[in-house]
Amino acid sequence: MEFAQQMAYDGADELGFGEKAMISHGVGWILARMHFRFVRTPRRDEDVTMKTWHKGVGSLFFRRDFEIDGADGQAAVLGTSEWILMDLQQRRMVRPSNFDGIVPGEAQSEELALRDSAPKVVVPKGTELVKVAEHKVLYSDIDLNQHANNTRYIAWAMDCLDPELVTEHEVSDVYINFNREARPSETVDLLRAQVDDAWIVEGKVDGTQVFITKITFK
């Protein structure tokens, strides 16, 4: 997640619509959805090659793909993401059509890391999520937009799962949606449920969903 975030910012900079460029227009990049598939987990100290490319613009989202290739040249991790632009004063989403000519509508490459776009994660009907932890948003959690950085949510979610599960099994797929800002000093309630072979972890502030993730293991 940390690598992907940095690659996304660097990739956008190279194409002329990076963070600083968009702030000059009064908007900031906000990650909305991601899906990562781990073909295998890269090894510690392994030399990897990391790629990202702009996948064009939809009606609501700006799309970006990712790939991490291992030392053997084969894909180890594949990912896709969807982003929005947020008005930094009103804290509201801005439609992509407002930035025609600034952010290219066409894809930088026709290659697809994953066939489908990052999906909406939903809790199946009849599934009850149980609160297992809470986290107060601290200084070390926040980013330049003054809310919890997206990478922190995955860490909180993994911390909610059984240690035996996360240490003895490799992750297969991670799906995550970011639905609301978590601001400094807010307390995020963390709820979880197992649905078939997946774990769903939801973060809420005062009953409002902040994020939801679905994680599967090999």
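Author: Start with the contacts of S172. Leaving out residues up to four places away in sequence, S172 touches F36, R37, F38, T216, F217 and K218. This is a predicted model, so read each contact as part of a prediction. S172 sits in strand β7, which covers residues 171–178. Is S172 buried or exposed? Its relative accessibility is 17%. Buried means under 20%, so S172 counts as buried.

Now take the aromatic rings. A pair of aromatic rings is described by the distance of the centres and the angle of the planes. The count comes to seven aromatic pairs. One of them joins W29 and F62: the ring centres are 4.9 Å apart and the planes stand at 90°, so this pair is edge-to-face. W29 belongs to strand β1 and F62 to strand β3 (residues 62–69), so the pair ties together parts that are 33 residues apart in sequence. Both W29 and F62 are buried.

Y153 and W156 form another pair. Their ring centres lie 5.2 Å apart with the planes at 80°, so this one is edge-to-face as well. Both residues are in helix α3, residues 150–159. They are three residues apart, about one turn of the helix. Y153 is buried, and W156 is buried too. Ring pairs also build a cluster here: Y153, W156, F178 and F211 are linked.

Next, the surface. F3, V48 and M50 make a nonpolar patch of about 260 Å². M50 is in strand β2, residues 49–57. How accessible is M50? The value is 31%, so M50 counts as partly exposed.

D45 lies in the loop between β1 (27–38) and β2. Its phi is near 70°, a positive value in a residue other than glycine. D45 is exposed, with a relative accessible area of 73%. Then turn to D196. The loop between β8 (187–195) and β9 (198–205) holds D196. D196 is not a glycine, yet its phi is positive, about 55°. With a relative accessible area of 71%, D196 is exposed.

Step back to the whole chain. It has four helices and 10 strands. Along the sequence they follow the pattern α-α-β-β-β-β-β-β-α-α-β-β-β-β. How does the radius of gyration fit a compact globule? For 218 residues, such a globule would have a radius near 17 Å. The chain has 17 Å, so the two agree. Along its principal axes, the C-alpha trace spans about 50 × 45 × 35 Å.

Of the 218 residues, 46% count as buried. Consider contacts between residues at least 6 apart in sequence: 69% of them join residues at least 24 apart. The chain exposes about 11800 Å². Carbon and sulfur atoms supply 47% of that area.

Back to the starting point. S172 is a buried residue of strand β7, and its contacts include F36 and F217.

How values were computed
Residues numbered from 1 in each chain as written. Predicted model: local features only at pLDDT ≥ 70, side-chain atom pairs only at ≥ 80, totals over all residues. Heavy atoms only, no water. Patch = residues over 30% accessible without salt bridge, like charges linked within 9 Å, V, L, I, M, F, W, Y side chains within 5 Å. Areas by Shrake-Rupley, 256 points an atom, 1.4 Å probe, with all protein chains shown as cover. Salt bridge = Lys/Arg side-chain N within 4 Å of Asp/Glu carboxyl O. Helix = DSSP H or I, 4+ residues; strand = E, 2+ residues; numbered from the N terminus. Buried < 20%, exposed > 50% of the residue type's maximum accessible area, 1.4 Å probe, protein only. Rg over C-alpha atoms; globule rule 2.2 N^0.38 Å. Contact = heavy atoms within 4.5 Å. Phe/Tyr/Trp six-rings, centres within 6.5 Å; stacked < 30°, edge-to-face > 60°.
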